[in-house]
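Subject: Structure handover

Hi,

Here is the structure for your review. My notes follow below it.

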Amino acid sequence: MRRHGVEDFKRPLTAAQLERTYPVLLRKAGYRTALLGKYAIGNPNFGKRELALPKEQFDYWYGFPQSIDFRQEIDGKVRHLTPVMTEKAISFLRSTPADQPFLLALHFKEPHGPFNYFDPDRPNRFQNAAIPAPATFSQADFEDEPAFLRNSLNGYKDGQWPADAKKEWLEDVRTCYHLVEGIDDAVGKVMAALRELKRDKDTIVIFTSDNGAFRGARGFSGKWIMYEESIRVPLIICDPRMPAKVQGSVCKEMALNIDLAPTMLRMVGVAVDPGMQGMDLSPIVAGQKTATRQDWFYEHTYNTDPPRLPIARSEGVRGTRWKYIR
């Protein structure tokens, strides 16, 4: 963050920085590129719209700011955002020539709010589900945390454990499960389209997320701070070229979001920009013995504006065994 300078939701990447991003580099290498979904690097209401929503950098674009609602009106008909995105993703796949390589960046909004409109065609199987709470979801665990965290956006106003904490947590986690199931369904449809088009054997699929979430752990909600529940995210890399003995294996090495760009470029033989700070994960994916990082730096300096509760500004280092947070 301190290197690229984007420290909030207002400032976009510069035109020069965009030229060095993996979608632009892949497009220059002959890939047909698409971005569908949330693009929260810059706000089009502050500064240059063509940088905050850089549709001209892609062959196919259905990107939108973070503030978009799930309820969309398209051709006079009310639609839920996720099925619309899924249909457009499949349309992109179908319209791509069979001999042309492609990049499809599919950024689902779920399970981010607002939670004011749900897909009417998909019933909520979790509406009354009994879901076990995290082991550390208790008033005692919450009160063990520092006061400045209890009285932050991760906690509650005045730092007090609310009487209805369990009810509030259960409603939140049921909603989250419902939304995540919607992503599962959408990903399944996209994968089915790949198989139908006979492109599943030469397409690398990467599934990940932008952040974790507490969802009750330590009595907290939200994300932001450098606790494991917040910083741990899924990273699934499916490369059909890999030998059978490697497929399905679990790697314990530490991977970061900055690794994704150099990994994708290396996996398809495109030169990595020398300014990219991440490491190439493809040797790990291939099951090769290679030197990996033993520690890494974390930073989160963004804060909120009143009347919202503050976020604790933090930085830290995580190693294989220890973590230091300031």
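Tyr-62 touches Leu-35, Leu-36, Gly-37, Gln-72, Ile-74, Leu-81, Val-84, Met-85 and Lys-88, leaving out residues up to four places away in sequence. Contact here means heavy atoms within 4.5 Å. The charged end of Lys-88 also sits over the ring of Tyr-62, 4.9 Å from its centre. For that call, NZ of Lys or CZ of Arg must be within 6 Å of the ring centre and within 35 degrees of the ring normal.

Some ground rules. This is a predicted model, where local features need pLDDT of at least 70, side-chain atom pairs count only at pLDDT 80 or more, and totals for chains, interfaces and linings use all residues. Residues are numbered from 1 along each chain as its sequence is written, and side-chain values use heavy atoms, with hydrogens and water left out.

Cores

Tyr-62 is one of the residues with the most contacts inside the largest nonpolar core, which has 22 residues. Others on that list include Leu-36, Phe-64, Met-85 and Phe-92. A nonpolar core is a set of buried Ala, Val, Leu, Ile, Met, Phe, Trp, Tyr and Cys residues joined through side-chain atoms within 4.5 Å. Buried means under 20% relative accessible area, exposed over 50%, partly exposed in between (1.4 Å probe, protein chains only). β1 (32-38), β2 (60-64), α4 and α7 each give two or more residues to this core. α4 gives the most, with 7 residues. Helices (H or I, at least four residues) and strands (E, at least two) are DSSP runs, numbered from the N terminus. Apart from this core lies another, of 17 residues, among them Phe-142, Phe-220, Tyr-227 and Ala-312.

Aromatic pairs

Rings of Phe, Tyr and Trp (its six-membered ring) pair if their centres lie within 6.5 Å; planes under 30 degrees apart are stacked, over 60 edge-to-face and the rest tilted. The count is 16 aromatic pairs. Take Phe-92 and Phe-102: their ring centres are 6.1 Å apart and their planes at 75 degrees, so the pair is edge-to-face. Phe-92 is in helix α4 (residues 81-95) and Phe-102 in strand β5 (residues 102-107), so the pair ties together parts 10 residues apart in sequence. Phe-92 is buried, at 0% relative accessibility. Phe-102 is buried too, at 15%. Elsewhere, ring pairs link Phe-137, Phe-142, Tyr-156, Trp-161, Trp-169, Phe-214, Phe-220 and Tyr-227 into a cluster.

Thr-175 is in helix α7 (residues 165-196). Thr-175 counts as buried, at 15% relative accessibility. Beyond its neighbours within four places in sequence, Thr-175 is in contact with Phe-115 and Phe-118.

Helix α9 (residues 260-267) is mostly covered, with 7 of its 8 residues buried. Its cover includes α2 (22-28), β6 (205-208), β7 (235-238) and α10 (282-285). Gly-269 follows α9, with a positive phi near 80 degrees.

Cavity

There is 1 cavity of 30 Å³ or more. A cavity is a set of points, on a 1 Å grid over the protein atoms alone, where a 1.4 Å probe fits but cannot get out; lining residues have an atom within 4 Å of a point. Points are joined across faces, edges and corners, and volume is the space filled by probe spheres set on them. The lining of the largest cavity is His-80, Glu-110, Phe-118, Asp-119, Arg-122, His-178 and Leu-179.

Best wishes

Definitions and conventions:
On a 1 Å grid over the protein atoms alone, a cavity is a set of points where a 1.4 Å probe fits but cannot get out, and a pocket is an open set with protein on both sides within 12 Å along at least five of seven lines; lining residues have an atom within 4 Å of a point.
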